[in-house]
Amino acid sequence: MQYIKEKFETIQYLVRYPVEYTEGKKYPVILLLHGAGSRGGDIEILKENPFFSITDKQKDFPFISVVPQCHANTWFDLFETLQRFVRCLAVKPYADAGRLYLMGPSMGGYATWQLAMSMPEYFAAVVPICGGGMYWNSARLINTPVWAFHGSADPTVFVEESKKMVEGINKRGGSARLTVYDGTGHDAWSATYSNPEVFRWLLSHENNNTLELQDEYKDGKIYG
C-alpha cells in the first residue's frame, strides 16, 4: 500500500492508495475518523492505527483511505474545519463523489454520527463504531445507509448509545442496522475492520440520500 502525507488547513492526514492505483481514475473513498488514541501532532502515529494495520492485510482493498489526525482534544474542537475538509475531499481528482463513505470508532464514532447528520448529502453510507450522538436529530439520516457496531460489554461508551441512534433513525422511516458483539468491550473496531462484508456493504451503496433531507425541529420553538 502507498501512503501519502497531506495537509488541509491545520489538519494533517494520510492518504492510502490501492495497490494498483491509476492516476486519473476515480475511486471509492473511505474517510476514517480515528479514536482518542491516535490524537496528536505526529502523523506517523496514524500508520499504526488498527484501521491501517488490519485492512492492509485485505487483498484487493479497492478504496482510497483518507485518515485525518485530530490535533485537538476531540474532533468537535475541529468540527468546522472537518466540514470544510469533507467538501474539499469530495472534489479531489481521485474521488468518486457518489461513493464517499464515512467510518469511525469511539471518539471518531461520535464524530461520524455528527458529521453524517450535519452533512448527509455527502455520504453514500456510514459506519459508526462504539459511538453515539444526538438521536433526537436522527431523521437527518433516514436516507443514509447506516451500519453501526458496538460491544455489549463496552464500559467506556455504553451500547445504548448506538441503540438509541439506530432506533431513532428506524422509527422515523430509515433503515439503519446495528451489530452488537456479545461480550466485547470497547474495542468493537478490530472485528469490524476485519470483516470483508462491511466493505462489500459499503460498496453496494451509491449516494442518493439527498432525496428528502429531514429536520423535525427546524420550526419548533418549543425545543428552545
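The legends below describe close-up views of a predicted model.

**View 1. The largest nonpolar core, with Leu31, Val66, Tyr94 and Leu115 shown.**
This core holds 39 residues, and Leu31, Val66, Tyr94 and Leu115 are the members that touch the most others. At least two core residues come from each of β2 (11-17), β3 (27-32), β4 (64-68), α2 (79-90), β5 (95-105), α3 (107-118) and α4 (160-171). A separate, second core has 28 residues, among them Phe149, Val198, Phe199 and Leu202. In soluble globular proteins, nonpolar side chains tend to be buried together.

**View 2. Leu115 and its contacts.**
Leu115 lies in helix α3. Its relative accessibility is 0%, so Leu115 counts as buried. With residues up to four places away in sequence left out, Leu115 touches Leu31, Leu33, Phe79, Leu82, Gln83, Val86, Leu102 and Phe123. Leu31, one of these contacts, is also listed with Leu115 among the residues that touch the most other members of the largest core. Val126 is eleven residues from Leu115 in sequence, and the two C-alpha atoms are 10.0 Å apart.

**View 3. Strand β3 between its partners β4 and β5.**
Six of the six residues of β3 are buried, so the strand is largely enclosed by the rest of the structure. β3 runs parallel to β5, and five bridges join the two strands. The pairing of β3 with β4 is also parallel and comprises three bridges. Leu31 stands opposite Leu102 on the β5 side and opposite Val66 on the β4 side. Another residue opposite β4 is Val29, which faces Ile64. Leu102 is in turn one of the residues touched by Leu115.

**View 4. The crossover from β3 to β4.**
The β-α-β unit shown here is right-handed and consists of β3, helix α1 (residues 50-55) and β4. Its two strands pair in the parallel sense. Both β3 and β4 are largely enclosed by the rest of the structure.

**View 5. Strand β4 and its two faces.**
Five of the five residues of β4 are buried, so this strand is largely enclosed by the rest of the structure. Ile64, Val66 and Pro68 point one way from β4, while Ser65 and Val67 point the other way. In a regular strand the side chains alternate between the two faces of the sheet. β4 is joined to β2 by four bridges, and these two strands run antiparallel. Ser65 of β4 is the bridge partner of Arg16. With β3, by contrast, β4 pairs in the parallel sense.

Glu9 is located in the loop between β1 (2-8) and β2, and its phi is near 50 degrees. Ser106 is located in the loop between β5 and α3, with phi near 60 degrees. Most residues other than glycine have a negative phi, and most peptide bonds are trans. Is each of these two residues buried, partly exposed or exposed? Glu9 counts as partly exposed because its relative accessibility is 43%. Ser106 counts as buried because its value is 13%.

**View 6. Ile142 in the loop between β6 and β7.**
Ile142 is found in the loop that lies between β6 (125-129) and β7 (147-151). Gln2 is 140 residues from Ile142 along the chain, and their C-alpha atoms are separated by 36 Å.

**View 7. Aromatic rings and a charge over Trp147.**
Across the whole structure, a search finds 16 aromatic pairs. Tyr3, Phe51, Phe52 and Tyr193 are linked into a cluster by ring pairs. At Trp147, the charged end of Arg177 sits over the ring and lies 3.7 Å from the ring centre.

Terms used
Residues are numbered from 1 along each chain as its sequence is written. This is a predicted model: local features need pLDDT of at least 70, side-chain atom pairs count only at pLDDT 80 or more; totals for chains, interfaces and linings use all residues. Side-chain values use heavy atoms; hydrogens and water are left out. A nonpolar core is a set of buried Ala, Val, Leu, Ile, Met, Phe, Trp, Tyr and Cys residues joined through side-chain atoms within 4.5 Å. Buried means under 20% relative accessible area, exposed over 50%, partly exposed in between (1.4 Å probe, protein chains only). Contact means heavy atoms within 4.5 Å. Rings of Phe, Tyr and Trp (its six-membered ring) pair if their centres lie within 6.5 Å; planes under 30 degrees apart count as stacked, over 60 as edge-to-face and the rest as tilted. A charge sits over a ring if NZ of Lys or CZ of Arg is within 6 Å of the ring centre and within 35 degrees of the ring normal. Two strands pair if DSSP finds at least two bridges between them. A crossover is right-handed if, with the strands pointing away from the viewer, the path from the first strand over the helix to the second runs clockwise.
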